[in-house]
Each structure stands twice: as C-alpha cells, then as structure tokens.
Amino acid sequence: QVQLVESGGGLVQAGGSLRLSCAASGSISSINVMGWYRQAPGEQRERVAQITSDGSTIYTDSVKGRFTISRDNAKNTAYLQISSLKPEDTAVYYCNAHIKSSTPYYINYWGQGTQVTVSS
C-alpha cells in the first residue's frame with residue numbers, strides 16, 4: 001500500500017514562509033513526477049508546481065519566484081518552500097505523485113492535504 005503524507009502547513013502572516021513536505025511510503029519501486037496542488041474554498045484544484053525525477057520543474061505563474069519545489073529521491077520525499085506568502089495563497093495543499101509499485105505502470109496518488117492559511 002502506497003501512501004503520501006503531507007506536513008508543514010499552518011497559519012502564517014502575510015510575507016511569511018512555510019516549508020511543506022510530502023513523504024511517500026510503502027512498496028515503491030519508482031517515482032516519476034511529484035507535484036503540489038492547492039484548492040481554495042469554492043475554487044478548483046490547481047497545480048502549483050511539479051518536479052520530475054531528474055529535477056526539472058514547472059510552476060504556475062502566480063507562484064514563480066516565491067515557491068520552490070525540490071525532492072530527495074533517496075527519501076521519496078518532495079518539498080515545497082513557500083515564501084512571501086499572500087492571503088490568496090490560503091488553500092489546502094495536496095501532494096501528488098506518479099508511483100510505480102507492484103504494477104509495471106505508474107499510478108497517480110494523492111495525499112490527504114495540509115491547510116495553509118495566510119492572514120493579512
């Protein structure tokens with residue numbers, strides 16, 4: 001059984017920083033893309049950033065220069081360093097990963113989400 005567990009969310013003032021972590025556990029043979037998504041109340045879930053196994057990254061325009069995604073392949077863990085937080089960054093942040101486990105193909109997994117709240 002593969003699981004993704006996020007941590008690091010919380011309440012922070014505008015301009016502050018947080019570091020989110022996403023740890024994948026279970027019977028894992030390979031992880032391809034890892035990404036962070038967020039969903040604000042009443043809004044659709046949007047991709048914030050993603051990173052491939054070789055370190056290539058993609059960011060949505062609204063977080064470029066403020067958010068940094070990274071990963072530790074040895075630990076099957078992805079991170080999202082979020083800085084210069086704005087109230088509009090308030091959302092539940094979800095980790096996503098494409099993982100090859102007991103099957104010969106990659107399956108899409110989601111974490112349970114971690115709340116980030118930015119006060120003005």
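Predicted model: local features only at pLDDT ≥ 70, side-chain atom pairs only at ≥ 80, totals over all residues.
Strands in this briefing are DSSP runs of at least two residues, numbered from the N terminus. Read along its sequence in those terms, the protein chain follows the pattern β-β-β-β-β-β-β-β-β-β-β, which comes to zero helices and 11 strands.

**Overall form**

- The radius of gyration of the protein chain is 14 Å, and because a compact globule with 120 residues would have a value near 14 Å, the two agree.
- Taken along the principal axes, the box that the C-alpha atoms of the protein chain fill is roughly 45 × 25 × 25 Å.
- Among contacts in the protein chain with a separation of 6 or more, 55% are accounted for by residues 24 or more positions apart.

- Of the 120 residues in the protein chain, 40% count as buried.
- The protein chain has an accessible surface of about 6,200 Å², and 45% of this surface belongs to carbon and sulfur atoms.

**Ser25, in strand β3**

- Ser25 has its place in strand β3, which covers residues 18-25.
- Ser25 counts as partly exposed because its relative accessibility is 35%, a value that falls between the cut-offs of 20% for buried and 50% for exposed.
- When residues up to four places away in sequence are not counted, Ser25 touches Gln1, Val2 and Gln3.
- Ser25 and Arg45 are 20 residues apart in sequence, and from C-alpha to C-alpha they are 24 Å apart in space.

**Ala91, in strand β9**

- Ala91 has its place in strand β9, which covers residues 91-100.
- Ala91 has a relative accessible area of 2% and is therefore buried, since buried means under 20%.
- With residues up to four places away in sequence left out of the count, Ala91 touches Arg38, Gln39 and Ala40, and also Thr114, Gln115 and Val116.
- Ala91 and Ser119 are 28 residues apart in sequence, while the distance in space between them, C-alpha to C-alpha, is 12 Å.

**The two residues side by side**

Key
Residues numbered from 1 in each chain as written. Heavy atoms only, no water. Helix = DSSP H or I, 4+ residues; strand = E, 2+ residues; numbered from the N terminus. Buried < 20%, exposed > 50% of the residue type's maximum accessible area, 1.4 Å probe, protein only. Contact = heavy atoms within 4.5 Å. Rg over C-alpha atoms; globule rule 2.2 N^0.38 Å. Areas by Shrake-Rupley, 256 points an atom, 1.4 Å probe, with all protein chains shown as cover.
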